[in-house]
Amino acid sequence: MKRTPLCKLTRELTDVVMGRRPADLVVRDGRWVNVCSGEIIDHTDVAVYAGRIAYCGPDATAMIGKETEVIEARGRYLVPGFLDAHMHVESSMLTVSQFARAVLPHGTTGAFIDPHEIANVLGLPGVRLMAQEALATPMAIYVEVPSCVPAAPGFETAGGEIGPEDVKEALTWPNVIGLGEVMNYPGVAAGDERLHAEMAATLRVGKIIGGHYASPQLDREFHAYAAAGPSDCHEGRRVEDVAARVRQGMVALLRQGSAWHDLEAQLIAVTQNGLDPRHIALCTDDRHPGTLLTEGHMDDVVRLAIKSGIPPLTAIQMATLNTAEHFGVSRDVGCIAPGRYADIILTSDIEKLPVELVIAAGKPVAEDGTLTIEIPPHPYPPEAQNSVHLSRPLTADDFEIPAPIEEEEVSARAIAAVENQVITNEQRVVLAVKDGKIVLDREKDVALLAVVERHHGTGRIGRGLVSGFGLEDHCALASTVAHDSHNLLIMGTD
């Protein structure tokens, strides 16, 4: 489903409005949720040509021809398609085209993606694969070129590397909107030459720098980070985080993902403290398949914002216009208005937001939660597959943690996971020693954690302890989806 630039359609859109050319699609008698003016306007028709809106107003009958598709809104609300302001497609465990299949029925018609995960496995070629696939979907998908690959140089081995020259190249690609989240905020404050070269290259071509300031300390380092150019941040968790970012001219991206539930606590900045929401946008960051199936996508985030006390029209603005304006693409997406892509949700309830019909780029694509078009799988080349390379098969001995043989017990550090948060804590645990090996203790909720290098077959294994998962006896989990270097992460109790 091709999205045609406005510069190629100015005459045709004008012809539709003036009655010289019939519309492709007309939606009749809707309640126009106008996020630009903050109004809901009854008895509105929307006329569409070549995927873009030609007309919004009363009575578009004169624009209907013999081949025009007509959708009767019958007084339902016309809501702009939702935009996810920051997310990683890889966390959905899907390719971009299949991610589109999953979220279009939820009214998400656009997303700003950071392919940071595939970049850590395949480098810039992996980013290119995802950017090319994004162009083939019915969604408006904008790409930010990853900024921190590898994410933890010197601490963990990644499969790819992206530097300033790679960033310069990727910024020339058609749907690359800017630089992805700059996670190395200490490096920014310390004047890291490579990071600043990447940011300078982005600013030089007038594109966005994505932020990632994960520290709770809003001291001089935070101000230095803001001064360097990152223009948004999704890592806030507290009311003060929202205010700090907005006051510094950044856009606060409030996140509600699968593992991080940061939205409600931060919305207090608006509902109780009266912060102006025009520089606040909504995002998911990481939504796993189970969450997409059971709770939804951006529709779920907007509903939660409304439930938390945000007026419905404001909550919708935070998931549409605010995002589009921040990224400089509001001439294309983010509102229902002439010239914009016809990305429209029809819903009968502005608060509960049942997504009853979804139009993307002027075509109906989903109805009542079911996709009504076919999005074919996108083929990936052999070099993008079978990317796990171990030096040898793993054995039980690889998961033993040695301890002084003369000791009966030892005090050890464990990573303490925090439910529904991105942060972790340090925990001290006392564990028994047997035959010179640490003995795991389920009663203390302590499991083994191992990271096995999988990119280059080096055989390196890191081992540690973790608590907070409540694993049963004889239980183990393993995944190569392991932020951010995506080595083989294994956790178990035996």
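Here's a quick briefing on strands, helices and salt bridges in this structure.

It's a predicted model, so to speak of local features takes pLDDT of at least 70, side-chain atom pairs count only at pLDDT 80 or more, and totals for chains, interfaces and linings use all residues. Residues are numbered from 1 along each chain as its sequence is written, and side-chain values use heavy atoms, with hydrogens and water left out. Helices (H or I, at least four residues) and strands (E, at least two) are DSSP runs, numbered from the N terminus.

**The parallel sheet**

- Five strands make an open sheet with parallel pairing, in the order S6-S7-S8-S9-S10; two strands count as paired if DSSP finds at least two bridges between them.
- Strand S6 (82–87) and strand S10 (208–211) sit at the edges with a single partner strand each, so one side of each has no neighbour in the sheet.
- From one strand to the next, the twist averages 25° (axes are lines fitted to C-alpha atoms, for helices over the stretch in contact, and angles run from 0 to 180 degrees between N-to-C directions).
- S6 is joined to strand S7 (residues 108–113) by four bridges, and the two run parallel; Met 87 stands opposite Ile 113 in S7.
- Helix H12 (residues 298–307) lies across S6 and S7, at about 100° to S6.

**Strand S18 and its partners**

- S18 (residues 409–417) has a covered face of Val 410, Ala 412, Ala 414 and Ala 416. Its uncovered face holds Glu 409, Ser 411, Arg 413, Ile 415 and Ala 417.
- Nine bridges pair S18 with strand S19 (residues 424–434) in the antiparallel sense, and Glu 409 has Ala 432 in S19 as its bridge partner.
- Six residues lie between S18 and S19 in their hairpin, and Asn 420 in the turn has a positive phi of about 60°.
- With strand S22 (residues 461–467), S18 runs parallel, joined by two bridges; Ala 416 has Ser 467 in S22 as its bridge partner.

**Helix H8**

- Phe 222, Tyr 225 and Ala 226 are buried in H8 (residues 220–227), where buried means under 20% relative accessible area, exposed over 50%, and partly exposed in between (1.4 Å probe, protein chains only).
- Seen down the axis of H8, these buried residues fall within an arc of 100°, so they line one face of the helix; the arc is that of the directions from the helix axis to the C-beta atoms.
- On the face turned away from the buried side, H8 carries the exposed residues Arg 220 and Ala 227.
- Cover for the buried residues of H8 includes strand S9 (176–182), helix H6 (185–190), S10 and helix H9 (239–247).

**Salt bridges and charged residues**

- The structure holds 24 salt bridges, each being a side-chain nitrogen of Lys or Arg within 4 Å of a carboxyl oxygen of Asp or Glu.
- Asp 241 and Arg 245 form one at 3.8 Å, N to O. They are four residues apart in helix H9, which means about one helical turn. Asp 241 is buried at 3% relative accessibility, and Arg 245 is buried at 1%.
- In helix H12, Asp 299 and Arg 303 are also four residues apart, about one helical turn, and their side chains meet in a salt bridge (3.1 Å, N to O). Asp 299 is buried at 3% relative accessibility, while Arg 303 is partly exposed at 25%.
- Asp 300, in helix H12, counts as buried at 18% relative accessibility. Not counting residues up to four places away in sequence, Asp 300 touches Arg 287 and Glu 295 (contact means heavy atoms within 4.5 Å).
- Glu 235, Arg 255, Asp 262 and Asp 285 are linked in a network of salt bridges.
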